[in-house]
Amino acid sequence: MQRLYDFIRRHPTWVDGFWAVVLFGISVLSGTTMEESRGTDLPALTVPVMLLLSLVVTLRRRMPERMLLLALAVGLGQLIADVATLPADFALLVIVYTVAAVGARWASRVALTAGLCAAPLAQLRWPTEEASTAQNLAIMVLQTVPFALAWVLGDSIRTRRAYFAQLEERAARLEKEREAQAKVAVAAERARIARELHDVVAHNVSVMVVQADGAAYVLDAAPDQAKKALETISSTGRQALAEMRRLLGVLRTGEHQEAGEYVPQPDVQQIEDLVEQCRGSGLPVDFRVEGTPRPLPSGVELTAYRIVQEALTNTRKHGGPDAGASVRLVYFDDGLGLLVEDDGKGAPHELYEEGGFDGQGHGLIGMRERVGMVGGTLDAGPRQGGGFRISVLLPLKPAH
């Protein structure tokens, strides 16, 4: 049965041709019966009318407008040649439905007009002899109803198809929009990972370089200090590897990862560990917390950690040998405040604005992007008397 249905869908003209042959055969049998009952021959144009109306049924879906015009011409020919109604006239009903469903709008209106006029004209041309005028009028109305219903059914199918086509177009458009949003999300995620990798590498490698230089300097004179520096390098390297595994794990889509394989994202509580690490690398850092500590949104905590990490890294790299820094963390009712200052010689402010100290766009611009993602504000610039100052306010709820 499925093959039969597939064949019917693929070859609609063949199906219509089959029904046209059936309609032609019924019309021939009906005409023969009429000849025998009346005892007279049918008009000479009866068979051509049957053939042309069968042709209308056969090609109705391939050229509906032309078949409508052919049907109208055949109908007028019947009226003029006095060829009474035949079973083949059922083709007029079929073409009215077809044009209303798939034809042009002008053809649909013509089909409706012709369908409403067909029955009255036929009844006036060949009235029922035994019926009264009222009965002929009733027959006329009853014969008009099928044409009206055929047109209404075809037009409703046209509307339904247009509705489904609109739904498909909307679904396709939404699919394209989802793909575009997915591409934007991927780009944003790549940018986030790039910032994360920069923060991890810039901070931890900076610490390792400073400690390695110090260890090489005191290796012979103070082996204990050199050993301590090497231990700091080792722990810093492990921390960097752990964070890089977490970030690279984000890129491993589709692979099963065991729980706990990657360390969690840094948060505000780890800022104190970050400060201790900087102190261990030789940078004096004054750390203070004001207000009542409480859990914050993960995005706010990660942003705060990365801002402090970036600021201290820049101080260590560009503040000079005697630079010191201070980190102030303030819990407000509606947000978190950060103030990171140093008293070193610093770097030109333009270097911050041009994209950071590594020349890759991950300095102050990266900080502003991070802060902007959580709806916060950032103010950065040189301090009076020397050094650099970064002030950040992170709201608990993103700004709308």
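Q: What share of the contacts with a separation of 6 or more comes from residues 24 or more positions apart?
A: In this protein the share is 69%, where a contact means heavy atoms within 4.5 Å. Bear in mind that this is a predicted model: local features need pLDDT of at least 70, side-chain atom pairs count only at pLDDT 80 or more, and totals for chains, interfaces and linings use all residues. Residues are numbered from 1 along each chain as its sequence is written, and side-chain values use heavy atoms, leaving out hydrogens and water.

Q: Why is T315 called buried?
A: Buried means under 20% relative accessible area, exposed means over 50%, and partly exposed is in between (1.4 Å probe, protein chains only). T315 has 3%, so the residue is buried.

Q: Why does C117 get another label than C278?
A: C117 has a relative accessible area of 37%, so it is partly exposed. C278 stands at 0% and therefore counts as buried. Across the 400 residues of the protein, 39% are buried.

Q: Where does T315 sit among the helices?
A: T315 belongs to α10, residues 298-318. Helices (H or I, at least four residues) and strands (E, at least two) are DSSP runs, numbered from the N terminus; the protein has 12 helices and 5 strands.

Q: What makes β2 and β3 a pair?
A: Two strands pair if DSSP finds at least two bridges between them. Strand β2 (residues 325-331) and strand β3 (residues 335-342) are joined by 7 bridges and run antiparallel, so they qualify as a pair. V327 stands opposite V340 in β3. Helix α10 packs on the sheet, touching β1, β2, β3, β4 and β5 (388-395).

Q: Why are β1 and β4 called edge strands?
A: The open sheet has 5 strands in the order β1-β2-β3-β5-β4, with mixed pairing. β1 (285-290) and β4 (377-382) are its edges, as each pairs on one side only.

Q: How many disulfides does a search of the whole structure find?
A: The search finds 0, a disulfide being a pair of cysteine sulfur atoms within 2.5 Å.

Note on methods: Axes fitted to C-alpha atoms, helices over the stretch in contact; angles between N-to-C directions.
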